[in-house]
Amino acid sequence: MAGSPQAVDFFARQHAARGTSVKLVSLFVLAVVCIVVAIDLVVLLVTTGSGSTGSIVSWLIVATVVTVLVISGGTLSKLIALRAGGVAVARSVGAVPVDPSTSDPQLRRYINVVEEMSIASGIPVPRLFVLESEDGINAFAAGYTPADAAVTITAGALHQLNRDELQGVIAHEFSHVLNGDMKLNLRLIGLLNGLLLLGLVGLRILAFGGGRGRDRDSSAAPVLVFAIAALILGFIGQFFAGLIKAAVSRQREWLADASAVQFTRQSSGLAGALKKIAGVSSGSALRDAHAEKQINHMLFGEGKKSVSSLWATHPPLIERIAALEPGFDAAAERAVQQQYRDTVPDGMAEDVQRGLVGSAIAAPAPRVQVTPSAVVARVGTFAPEDLARGAALSAQLDPQVRQLAAQPSTAVPLVLALLLDRSAPVRDRQLALISDQVWPGVAAAAADLFPTASAVPPLLRLPVVAIALPVVVGRPASALDRVLAVLDGLIRADGTVTVFEYCLTRLVAGYVRDALSPADRARAGHATMNQVQDAATTLLAVVAAAGHADHADAERAFAAGIATLGLPTRPFRPPTDFAAALDAVWAPLNGLDPRDKRPVVAALVAAANADGVLAVSEAELLRTACALLHCPLPAMLS
């Protein structure tokens, strides 16, 4: 793709995103130092000769402290306000949440496309929002982690894009989720806010001091000089920070376009969406100037026309389309403008004409090649085969089960019902536990849903949980703490823990913790493999034992994993309590440098597939391990 960066794997992208964040913070610190020095020089020039050395030093200290406090305070206050993650950003610009159980055809199509892509990519279904008052074609993804991600789309995009075009836009936004762009975008908002606040404080001081007229004391001169310097330098700093923001954003947009084509393996959908932006009168513009200013670097298309390409947060529209369809030029742009001059496109009508309504039911996807290198290459991305697999799995879900998972009143009971035992005495103990630790109404609802939950095929249980999770985390934090506590009690009620039970409970727990503390959980690790050898060895032992009933086969699987990881040969000692053993490995392994997670995933695949057969339980454990290590893996089986 012209103008786009060379494709790199997920682990390298994560490392690069962290490097970009470090560079941005370094540039920000350098900018603050330069601003402080400049303000101090101005204050020094004004105070020199008008007071003692001690007085001059005092003014310099005050100017330095105030400048640093204003900038850091503005930055930290904004970052704290955004700690709630993607939902907070979506709500801050007036976006309205989508009811997951809605019957509106446009919203149902939106939900279906996102669910299929979530199953395909191995990340939870993000919270969905709509900017109802915006006619332009636009969208954005916000959040620190996939667990707190929120995808927002304009009403204009919902109405004017057909299914392929909508899929292209959503694939573009999923790229931002998978590439770590969301966290970078939130940090940019915070850094810019600090510089903006400095200018606003200077403006406020001038407004206050300017009213004093001739009564102004000569001792106030340094304050007014500071205010003028803060006003000028604050807005100059924001000016240059805006240039950096625009440059970073343009680069990430090229990557997102390239990734969207890689995900769907067809460029016509994404190109069609960009053409409609070029052709319709509303384009991708946002009416809300405040929203546009805050999130312009997050948007799918330009929120407003830039006065110069230097400040443009997106590559030129013609260049983006030409990268997808070589030959597209200014004449072609005029042609699409003529096409849509008198008629606003209707995406749903286009779908009806093409025979596409509701969810796209794809043919069975080809079998996945389960080798360490092949699976590692699929981490943090997905291909059209995965998208077809996600669509097929989504289409197999019972509509009643889908609705139960999407409703706030039934999402938690359904998740709990998936863990209820078929033995009546054990199930009674589990229901009593739910009643005691959560609340009686949930226990009764879970009991009622048990027949429906027990009929869900094994391969569809975790996709059902993925649909329910965004609804589950909508409950208060105190209620979620009780739910997590009862989940562990449910799987231990019969004295044994199955692989599925462990996977379900830990996926829910990891998702909930990520969603409740997204900023804290989004920090990349720095540990090396030497520091986590014991944890990696324990994980491989559990995976080998879980997938091979025969001890000798399990021992060979463990040896294959150890060899792939590059560790010296060691004895195979599977833990007696695999759940407790696994609980102890996630924190150290998740603390690895992103690049050092690659051999861990490869070793897991080598151990799980040592006998050439990947069972459902092994696939579930593999995906769970990758999810808890924040290395999303597409569905392995269909």
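Strand β1 (residues 96-97) and strand β2 run antiparallel to each other and pair over two bridges; strands count as paired when DSSP finds at least two bridges between them. They belong to a predicted model, in which local features need pLDDT of at least 70, side-chain atom pairs count only at pLDDT 80 or more, and totals for chains, interfaces and linings use all residues. Residues are numbered from 1 along each chain as its sequence is written, and side-chain values use heavy atoms, with hydrogens and water left out. The protein chain holds 29 helices and four strands, where helices (H or I, at least four residues) and strands (E, at least two) are DSSP runs numbered from the N terminus.

**The sheet**

- The four strands form an open sheet in the order β1-β2-β4-β3, and the pairing is mixed.
- β1 and β3 (139-142) sit at the edges with a single partner strand each, so one side of each has no neighbour in the sheet.
- β3 and β4 run antiparallel and are joined by four bridges, with Ala139 partnered by Ile153 in β4.

- Five of the five residues of β2 (residues 127-131) are buried, so the strand is largely enclosed by the rest of the structure; buried means under 20% relative accessible area, exposed over 50%, and partly exposed in between (1.4 Å probe, protein chains only).
- Arg127, Phe129 and Leu131 point one way from β2, while Leu128 and Val130 point the other way.
- Gly86, in helix α3 (residues 86-92), is buried at 0% relative accessibility.
- From Gly86 to Arg127 it's 41 residues in sequence, but 8.3 Å in space, C-alpha to C-alpha.
- Leaving out residues up to four places away in sequence, Gly86 touches Ala142, Gly143, Asp148 and Ala150, a contact being heavy atoms within 4.5 Å.

**Helix α22**

- Helix α22 (residues 499-516) has 18 residues and reaches 26 Å from first C-alpha to last, close to the 26 Å expected at 1.5 Å a residue; the expected span is 1.5 Å times one less than the number of residues.
- Of its 18 residues, 15 are buried, so α22 is largely enclosed by the rest of the structure.

**Aromatic rings and charges**

- There are two aromatic pairs, counting rings of Phe, Tyr and Trp (its six-membered ring) with centres within 6.5 Å; planes under 30 degrees apart are stacked, over 60 edge-to-face, and the rest tilted.
- Tyr502 and Phe578 have ring centres 5.6 Å apart and planes at 55 degrees, so this pair is tilted.
- That pair links distant parts of the chain, with Tyr502 in α22 and Phe578 in helix α26 (residues 578-583), 76 residues apart, and both are buried.
- Phe558 and Phe572 make a tilted pair too, because their ring centres are 5.3 Å apart and their planes stand at 40 degrees.
- Phe558 lies in helix α25 (residues 551-565) and Phe572 in the loop between α25 and α26, 14 residues apart.
- Phe558 is buried at 2% relative accessible area, and Phe572 is buried at 8%.
- The charged end of Arg461 sits over the ring of Phe500, 3.6 Å from its centre; the rule asks for NZ of Lys or CZ of Arg within 6 Å of the ring centre and within 35 degrees of the ring normal.
- Arg320 likewise has its charged end over the ring of Phe300, 5.1 Å from the centre.

**Whole chain**

- The C-alpha trace spans about 90 × 65 × 50 Å along its principal axes.
- Buried residues make up 54% of the 638 residues in the protein chain.
- Of the contacts with a separation of 6 or more, 78% come from residues 24 or more positions apart.

- Most residues other than glycine have a negative phi.
- His630 isn't a glycine, yet has a positive phi of about 60 degrees; look for His630 in the segment after α29 (616-628).
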